[in-house]
Amino acid sequence: KNIFEKLDRNCKPEAILATNTSSLDINEIASVTGRPEKVCGAHFFSPANVMKLMENVRTDASSAETLATLMGLSKVLGKTGVLVGVGDGFVGNRMLHVAARIAEFMVEEGALPWQVDKVIYDFGFPMGPFAMHDMAGVDIMYLILKDSGKKDDNPAPYFNVLYQVAEQGRYGQKTGSGFYLYEHGKRTPIADPAVIDIIETEAEKLNITRAPLENSEIEQRCLYGLINEGAKILEEGIAYRPGDIDIIWSYGYGFPRFRGGPMYMADLIGSRALLEKIREFQDRFGDYWKPAPLLEELAQGGKTFAEWGADR
């Protein structure tokens, strides 16, 4: 807010003020300026010189001219711009948080980090969630959960293993250990028995009896979790169209493009089959898996996300 107040005082009146934040409330940022209609989000993805996605965020006050200019800027920069609304994590990071939580719970339940990562890699992603934590820095997610209050606000199990990994100073590649071990100067992940000890200790604290998980269930739970959260995002109007979510995940998160994106895959699976399986997960794992109302609506009418998008 301090930064944007100073920008507002010093920039020419017609200047657009954009933030690269991946999660802060841009409505709140815009409220301290005298030009809220000219404030927006321009969320680049790391590394910004390589990644093609720009998650362009409209505030409640952003003008049509501001948004058109921002989308045009995406093209000038050679990026693929997708317009989204304000919300915690916007579209991409909100869904990523859900997928990461599901992956961690499966590890507590009986899978191993390298098993989950291999399933996701074989699905077509460039890396799995635990290798991604290590690359980005385990401390990043740890500090987000801690500083935002999410760890305290959500019932356990909720990133219990990640917390213990981080609190042992295992921050990933930069410290030589995280969910994996790394030889000096190398980025190749090495499975670490010490992480199994952390997982088993946390599972015991949580009264979880661990048992092996099939690869097919690991893939299904990760994918269906993404789809269910995507349906909530569409219903809330944070994303306009199912295809917008698919573009975000294909261009910003490495979702295998030959699969079309999570919402495209949802239509291949079918809304009724999706709802049946997600209700089964809800029965097994609680209301964290509560089906999105939009998914229930589509299943009742036998419609696809694509048909819902075309009707809007």
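Are arginine 94 and glutamate 229 buried or exposed? Hi everyone, let's start there. Both of them are buried, and buried here means under 20% relative accessible area, exposed means over 50%, and partly exposed is in between, with a 1.4 Å probe and protein chains only.

A quick word on what we are looking at. This is a predicted model, where local features need pLDDT of at least 70, side-chain atom pairs count only at pLDDT 80 or more, and totals for chains, interfaces and linings use all residues. Residues are numbered from 1 along each chain as its sequence is written, and side-chain values use heavy atoms, with hydrogens and water left out.

Back to our pair. The side chains of arginine 94 and glutamate 229 form a salt bridge, at 2.8 Å from N to O. Arginine 94 sits in helix α4 (residues 92–109) and glutamate 229 in helix α11 (residues 215–236), so this pair ties together parts that are 135 residues apart in sequence. By salt bridge I mean a side-chain nitrogen of Lys or Arg within 4 Å of a carboxyl oxygen of Asp or Glu. Helices (H or I, at least four residues) and strands (E, at least two) are DSSP runs, numbered from the N terminus.

Now for another pair. Glutamate 109 and arginine 221 also meet in a salt bridge, 2.8 Å from N to O. Glutamate 109 is in helix α4 and arginine 221 in helix α11, 112 residues apart. Both glutamate 109 and arginine 221 are buried.

How many salt bridges does a search of the whole structure find? It finds 19. One of them joins arginine 279 and glutamate 296, at 3.5 Å from N to O. Here the accessibility is of another kind: arginine 279 is partly exposed at 41% relative accessible area, and glutamate 296 is partly exposed at 30%.

Let's turn to the nonpolar core, a set of buried Ala, Val, Leu, Ile, Met, Phe, Trp, Tyr and Cys residues joined through side-chain atoms within 4.5 Å. The largest one has 78 residues, and Val91, Phe179, Ile245, Trp249 and Phe305 touch the most other members. Helix α11 gives the largest share of this core, 9 residues. In soluble globular proteins, nonpolar side chains tend to be buried together.

Last, the sheet. Its 4 strands form an open sheet in the order β1-β2-β3-β4, with mixed pairing; strands pair if DSSP finds at least two bridges between them. The edge strands are β1 (17–19) and β4 (80–85).
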